[in-house]
Amino acid sequence: MSAEAIRVNRVRRVYDIGSGGSLTALDDVSLTIPAGTFVSVIGPSGCGKSTLLRVIAGLEQPDGGEVHVGGVTPAQAAERKMLGLVPQTPALLPWLSVLKNVSLPAKVNRSAGRKRRTASGTGGPDMVELLRKAGLHDVMHKLPSQISGGMQQRAAIVRAFGLHPDVLLMDEPFSALDEFTREALQEQLLDLWDELKATVLFVTHSVSEAVRLSDRIVVMAPHPGRITDVLDIDLPRPRGQAILKTAQFHRYEDLVRDRLRGAFQGAAS
Amino acid sequence: MRKSLHPSFWLPLVLMMTALGLLWQWGAGRMPYLLPPLGAIRDTLIEDAGYYLSNALVTLQEALGGLVLGGLSAFVIGVLVSEFTVARRAIMPVAVVLNVTPLVAIAPALVVAFGFGAAPKLIVTGLICFFPVLINTSVGLRAVPLPVLQVYRTVHASRLETLWHLRIPSALPYLFAALRIVFPLSVVGAVVAELSAAGSAEGLGTAISLASSMNRLAAVYASIAILALLGSLLLLAVTLLERRLLHWHETQSA
């Protein structure tokens, strides 16, 4: 793996909104993410943070600039199974058990999976073990509709981690969950990440979530969508529940909030 | 006590049937040339049980044959039109026109073209089953939520893998909604075809046209009763099948 996991170079993305109008979702956005880091993207709605994630995932084509994931284009990264995506909704298949759901990505595009395993010298991912770590061992034979929303989202995370991706892209995965579930899931996400060491790009609109999870926070502003700040979060890991109450944590929260406000007012003026 | 044994469960139906039966008998008493008494229908069903059974089997075979023919081809074409825009543009207008053309009008032409054998019956039944399956399949195949498609696009699932693992299972509830319509409808198709083929020898539709030409009202209604039974049995069959295959779907939870 190259030292740069993600490189976004002067990317533009413009949406046509009908009647001759257009919306600049990403305007000249550049961003480099070193391998193995956890980076959050935060900003008010309409700042293009989800668009940025979709462009990196290869789900949208930029109108200008270029994107590289592990040295190749997003399309090539998908072909080689280097990416894992956790969308806003769990996106589980209702007819498959939890175990079969998280195992299905291994059953598609098999040749890429084989190549990756040969290259890394490891066997296939042990999904049962991953589910156990995520606390889903007891429900792995249940259908998604039979488990809670928090568990469904955990299954979606396990599904992505099970690919052992180089880059994990998460689009506000906890936004639909209540505060307690969210904090518990953040902790589990950090545990899994600690073990499987992927580069994570995490889109969120929660300041405390961003501070707790990230090595680095990217602040974005709307109209046009752009990056206004990049903040390093220098907090010790592991970051358990206790860290949420420390003064250092609060200082970082205030800092991020300040910069966000700046981004917002800059956009309004 | 099981729910189905409780009077509140079966009593309304029994009362309804009794009322309808009494109304029927009252009508039959006043207009014997229009409506046969229930007893006469029962008698002919018992006396000529073999005759009705063999004709029912013929009609059932035509219905099932047309169902398989129309259902399968509609499913395959449904996959084609949902996967390829070109196919959708070419096929859907033709399918819509075919659907709005009255089958009763097509049936005699088919009999002229294909004779009194099984072929026109299979075609008419197939046609009547075709459209609901086609529409529901093509809608169902496109009902996969976008986030699901995106997850599997980022692992570069092939078109065939997406179809097999995501689209076809998503389409099953839609497919079954169509099957619940076309299973009973297939009997309609078979009977329409039989009624249109004046010279055909077998089937309940033929039995009805024979009996009515000889003014044997009881035999007409006996055949109708069996047709209703056939349709109900087909509906029951598809419901049981659905319950087995779609246990995961929300329509199946009580």
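## Helix packing, chain contact and local backbone features

The model described here is predicted. Chain B is made up of 10 helices and zero strands, and 22 residues of chain A are in contact with 16 residues of chain B.

**Chain B as a whole**

- Read along its sequence, chain B shows the pattern α-α-α-α-α-α-α-α-α-α, and its C-alpha atoms fill a box of roughly 75 × 60 × 30 Å when this is taken along the principal axes.
- Of the 254 residues in chain B, 36% count as buried, and among contacts between residues at least 6 apart in sequence, 76% join residues that are at least 24 apart.
- An unreviewed UniProt entry places the feature "transmembrane region" at residues 9-27, 63-82, 94-116, 122-144, 174-198 and 218-241 of chain B.
- In the model, residues 9-27 of chain B are 100% helix and 0% strand, with end C-alpha atoms 29 Å apart, while residues 218-241 of chain B are likewise 100% helix and 0% strand, with end C-alpha atoms 35 Å apart.

**Helices α5 and α6 of chain B**

- The axes of helix α5 (residues 103-114) and helix α6 (residues 118-141) of chain B come within 9 Å and cross at roughly 150°, so the two helices are roughly antiparallel to each other, and α5(B) passes α6(B) in a right-handed crossing.
- From α5(B), the contact draws on Leu103(B), Ile106(B), Ala107(B), Leu110(B), Val111(B) and Phe114(B), and from α6(B) on Ala119(B), Pro120(B), Ile123(B), Val124(B), Leu127(B) and Ile128(B).
- Sorted by class, this contact of α5(B) with α6(B) has 12 nonpolar, no polar and no charged residues.

**Where chain A touches chain B**

- With 22 residues of chain A in contact with 16 residues of chain B, the elements of chain A that give two or more residues to its side of the contact are α2 (74-79), β5 (83-86) and α3 (98-107).
- By class, the side of chain A that touches chain B has 16 nonpolar, four polar and two charged residues.

**Cis peptide bonds in chain A**

- The peptide bond from His223(A) to Pro224(A) is cis, with omega near -5°, and Pro224(A) is found in the loop between β8 (216-221) and β9 (226-232) of chain A.
- Arg237(A) and Pro238(A) are joined by a cis peptide bond with omega about 0°, and Pro238(A) is placed in the loop between β9 and α9 (247-268) of chain A.

**Positive phi values outside glycine**

- Lys197(A), which is not a glycine, has a positive phi near 40°; Lys197(A) lies in the loop between α7 (179-196) and β7 (199-204) of chain A, and Lys197(A) is exposed, with 12 other C-beta atoms within 10 Å.
- In chain B, Asn215(B) has a positive phi of about 60° although it is not a glycine; Asn215(B) lies in the loop between α9 (204-213) and α10 (217-245) of chain B, and Asn215(B) is exposed, with 9 other C-beta atoms within 10 Å.

Note on methods:
Residues numbered from 1 in each chain as written. Chains lettered and ligands numbered in written order. Predicted model: local features only at pLDDT ≥ 70, side-chain atom pairs only at ≥ 80, totals over all residues. Axes fitted to C-alpha atoms, helices over the stretch in contact; angles between N-to-C directions. Helix = DSSP H or I, 4+ residues; strand = E, 2+ residues; numbered from the N terminus. Parallel < 35°, antiparallel > 145°, perpendicular 65-115°, else oblique. Left-handed = near helix turned anticlockwise from the far one by under 90°. Contact = placed C-beta atoms within 7 Å. Nonpolar A, V, L, I, M, F, W, Y, C, P; charged D, E, K, R; others polar. UniProt positions renumbered as here; feature names shortened; annotations may be inferred. Buried ≥ 20, exposed ≤ 12 C-beta atoms within 10 Å, placed from the backbone.
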